[in-house]
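Hello,

Here is the structure I promised to pass on to you. Please have a look at it first, and then read on for what turned up in it.

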Amino acid sequence: MDVTGYETGYGAIEVRGARENNLRDVSLDIPKRQLTVVTGVSGSGKSSLVFDTVAAESQRLINETYSAFVQSFLPHYGRPDVDSVDNLSAAIVVDQARMGSNARSTVGTATDASSLLRILFSRLGQPPVHPASALGFNDPAGMCPECEGLGRASSIDVDELLDRDRSLDEDPIRFPGHAVDSWPWTIYAHSGFFDTTKKLRDYTDEEWQRLLYGEEVKLKYGKMNLTYRGIITSFQRSYLTKELADLQPHIRTAIERITTSGPCPACGGTRLSEPARNCRIDGVSIADCAAMQVDELLAFVRRTEAPPLQRLLDGLAALLGDLVHIGLGYLSLDRSTSTLSGGESQRVRMVRHLGSALTDITYVFDEPTVGLHAHDVQRLNELLLRLRDKGNTVLVVEHEPEVVAVADHVIDMGPGAGTHGGHVVYEGPVEGLRRSGTLTGRHLDRVHEANPAPRPATGALRIEHATLHNLAEVSVDVPTGVLTVVTGVAGSGKSSLVLGVLPKQHRDVVVVDQKLTRGSTRSNTATWTGMLDTIRKSFAKANGVKPALFSANSEGACPQCKGLGLIYTDLAYLDTAVSVCEACEGRRFTEEVLTYRLRGKNISEVLELTVDEAREFLTEKPLQPVLAALADVGLPYITLGQPLSTLSGGERQRLKLAVEMTGDSSVYVLDEPTTGLHMDDVDRLVGLLHRLVDGGRTVVVVEHDLDVIARADWVIDLGPGAGHDGGRIVFQGTPGDLLAADTLTAEHLRAHVR
Ligand code: ADP
Ligand code: ADP
Ligand code: ZN
Ligand code: ZN
C-alpha cells in the first residue's frame, strides 16, 4: 500500500512477510498517529499480528539497546517470524493481565494519585506532618507499625480450630499434631484446669477464656515440666508470625483454613501511622480521601482552595476526572489492585498513560471494552482518541461495533480461525469495511430481535438479603431452567451478586471464570482436560511400553523442560518470561520416546494437532465428547499441547466451560463469556448456551453484549449506577419487557433492537 497516501503525513509501521503462529505471510501498513482497530473472529490471528509481531519486535529492539550485562537479566525475546518491521516506535502493551498480587499496590499507587494526595496533605494538612513520605503507607515513616502498611491482620477463627460439640477427650482440636495423646493435647488435658469429659460449648466463661487466651503457667505432669499457654495465644506465637512458605504444605493448608484476615485493628485498615491518620484538611484525613469513591474525591479536590497549589490541584483533578470518565468513578484509591477485574486493571493502566508526557508511542490495547456497559463505551472511545491526538499510534484489538466505528483505519483478519485464518481480508477505512462483504463487515449493521419466545422458569434460586460490597439488601429469584443475563454498568454489583453471593447461598453452582486456577499455569489443553491420560494409554498399547513414558515428569520427558516444551523464568519485578525449550526445541520428549508412534504420529506431533484435526485423528471413544465440547465452545483451532498460559482470558473461560459441560452440574455461572469473541462467534456461543438450557441446565451470565441480552430468556438489571449508586435491582423480566423499561440498559437495547 502507498504509505504517502496517509493524510497524517507521519507514515506507517510497515510489516512485511509476517508468519507468526497462523499468519500467512502477512504484509500491511499501520498508519502512525492514527487509531487502528484490528478485528476478526477468535483465532484469526489478531494477537499474532499485534502482540506477537509488532509489539514483540518493538520490545526486542528496545532490549537490544541495553548493554550485554543488563540484557542477561532480561527475558530473551526471539525474533518474531517476520521479514521486516520498519518505522516502528516504542510499543506499550496495555492488556488485561491483572496487576499481580502485590499487597502494596492500590488504585492510588498504580495511577500515582496517592503521591499527589500526599503532597497536597503535606502542604495543607493540620497538624502538619514533615516530609510528604511520612503520609505514605509504603514508607517506614508513614506506615502503620502494626501491619507494616498492609492494612490487614490475620486472626484465628476459633470455630475452625475447635469443635465446640466435643470434649477434650473427644479430639476437639482440628489441627495436625493436636490429636488426643499428642504432646500439645496432653498439656491441655492434663493441666488440671478442665473437665476433659465436658463439651467445650458447656465451658464457663472463665474456662473458655483460659482455654483460648490463658496466660503462661508452669505445670508438672508426672516427672515432666509443662508450660501451659492458651490455645489461641500459642497458635499466634507458633504460626502466625512465621512465613507461610517456610512451613510444611499440610500445616500451611491447615493454617489457611483456621485463619481469617481482616482490617488491621491498629490502623482500622487504613495502613497509615497515627500522625498520618490525624493530619487533616477541612476535617478530612488522607485515609478518608483514599476510602472515598473516586467521583466523591474529585468533588473534594475541586472544593479545596489553595491558590499556590493550583497546578497540583488541577493535575490531581484531571487524573481523577480521567478515572471517572473511563467508568471507574466507583473505585476508591485504597482498593487493592489484586481485587480488580482484568478490564478494570486495563482501564486503570490506561489512565496512567493518558497522563504521560511521552508522545509517539505505539499503544496496544487488548479488547478495552471488556466489562464495560454500552453506556461507558462512548467515553472509552473519547479516551482512545485523546491518546491518539497526543501524537501516539493506537492499535486496538476489539470486536465492539461502536469502537470499530470510530477507527481511522481497520484491519480485518480472517476469513476463519486457526489454519482457516491468518490473512488480511480487509484494510482501510470503516465505510469500506461495511461494503467489503467480510464477516465483520456483514455483522456491523446487523439488526437484532428481542427473544420472541422466552422459556418459562422451572423454579428459582432465591437470593436473600445480599449485602456483599455495594449490594443493598438484594433479594431476588434467579429462575432455573432458563438462560438469565445479569446486566448493569461496570461497578453496579453484577459480579458481587452472581459470582460472590449466588454460589455461597446455593450448592451445585459452578462458576466458570477466566482465572487460571492454581496449578494450571503449567498445564496444557491435553493435561488439563484429562485427555492426555487416554492418549498416553493408546501410545503405550500401540508400542508395548509403559504409559508413564509419555507423561511430564517421567524419564521420557525432556529433562530440561520436564515435558512442557517451554521454559518459565520467574523475573523479580516483571511477568514470568516464557521461551521455547532449547534442549528439545519444544518437542517435550526424549528422542527415544519420539520414536514411538500412534497411527503414524509421535506424541509431540499428536500434541501439535488442533482440536478439529484431533477429532478426525483421535478416534478413542473417551476423547470424542471432550473434543466435541471444545469445538462447540468455539475453540476448534487450539492445539492439544497449547499451554494454558498462552490462552487469553476468554479462551480459558471457554475451555473451562467445555470441561464442565461434559460433567453433570446443573447451574452454570459465567462471567462475560463473550470476552475475545467476534460478533460471529457470539452467535454460536448463544446457540451453545441455549442448547445447555435445552439439556436441562440453568445458565446465568454476566454480560454487556446487547446481542446476548436480547436473546436471553430472563434479564436481571442492576443499577441504577455504580458503587453506592448501584447495588439495587432496577429491572427483572424478559428482554421484550426490558425494551419498555426505564433503565440505562433498556435505553441501549432499544437502540440496538428493531
Ligand atoms: P486471535 O487473536 O485472532 O484470537 P491468535 O493470533 O491468538 O488469534 O491465534 C491465531 C492462531 O495461532 C490460532 O490458531 C492459535 O491457536 C494459534 N496460536 C496463538 N498463540 C499460540 C501459541 N503461543 N502457541 C501455539 N499456537 C498459538
Ligand atoms: P460489576 O460486576 O457490576 O462490575 P462489582 O460487583 O464488581 O460490579 O462491584 C460492585 C461494587 O463492589 C463496586 O463499588 C466495587 O468497587 C465493589 N467491589 C467489588 N469487588 C470488591 C472487592 N474485592 N473489594 C472491595 N470492593 C469491591
Ligand atoms: Zn495497621
Ligand atoms: Zn525441552
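Helix H14 passes helix H15 in a left-handed crossing. In this predicted model, H14 covers residues 342–354 and H15 covers residues 374–389, and the two pack at an angle of about 35° with their axes 10 Å apart. On the H14 side the contact is made by Met350, His353 and Leu354, and on the H15 side by Leu383, Arg386 and Leu387. By class, the residues of this contact of H14 with H15 divide into 4 nonpolar, 1 polar and 1 charged.

H12 passes H13 in a left-handed crossing. From H12, the residues Val294, Asp295, Leu297, Leu298, Val301 and Arg302 take part; they meet Leu313, Leu316, Ala317, Leu320, Gly321, Leu323, Val324 and Leu328 of H13. The residues of the contact of H12 with H13 comprise 11 nonpolar, 1 polar and 2 charged.

Next, the ligands. Around ligand 1 there are 17 residues, and the closest are Asn21, Lys46, Ser47, Ser48 and Gly418. Helix H1 (residues 46–64) gives the largest share of that shell, 3 residues. Sorted by class, the shell around ligand 1 holds 3 nonpolar, 13 polar and 1 charged residues.

Ligand 2 has 15 residues around it, of which Thr339, His469, Lys494, Ser495 and Ser496 come nearest. Its shell is made up of 3 nonpolar, 10 polar and 2 charged residues.

Is Leu272 buried or exposed? Leu272 counts as buried, because it has 26 C-beta neighbours inside 10 Å, and 20 or more are enough for that label. Leaving aside residues up to four places away in sequence, Leu272 touches Phe137, Gly142, Met143, Cys144, Cys267, Arg277 and Ala287. Leu272 and Asp139 are 133 residues apart in sequence, yet their C-alpha atoms are 9.6 Å apart in space.

Methods:
Residues are numbered from 1 along each chain as its sequence is written. Chains are lettered from A and ligands numbered from 1 in the order in which they are written. This is a predicted model: local features need pLDDT of at least 70, side-chain atom pairs count only at pLDDT 80 or more; totals for chains, interfaces and linings use all residues. A residue is buried if 20 or more other C-beta atoms lie within 10 Å of its own, exposed if 12 or fewer, and partly exposed in between; C-beta atoms are placed from the backbone. Two residues are in contact if their C-beta atoms, placed from the backbone, lie within 7 Å. A crossing is left-handed if the near helix is turned anticlockwise from the far one by less than a right angle, and right-handed if clockwise. Helices (H or I, at least four residues) and strands (E, at least two) are DSSP runs, numbered from the N terminus. Ala, Val, Leu, Ile, Met, Phe, Trp, Tyr, Cys and Pro count as nonpolar, Asp, Glu, Lys and Arg as charged, and the others, Gly among them, as polar. A residue is near a molecule or strand if its C-beta atom, placed from the backbone, lies within 6 Å of it. Axes are lines fitted to C-alpha atoms, for helices over the stretch in contact, and angles run from 0 to 180 degrees between N-to-C directions.
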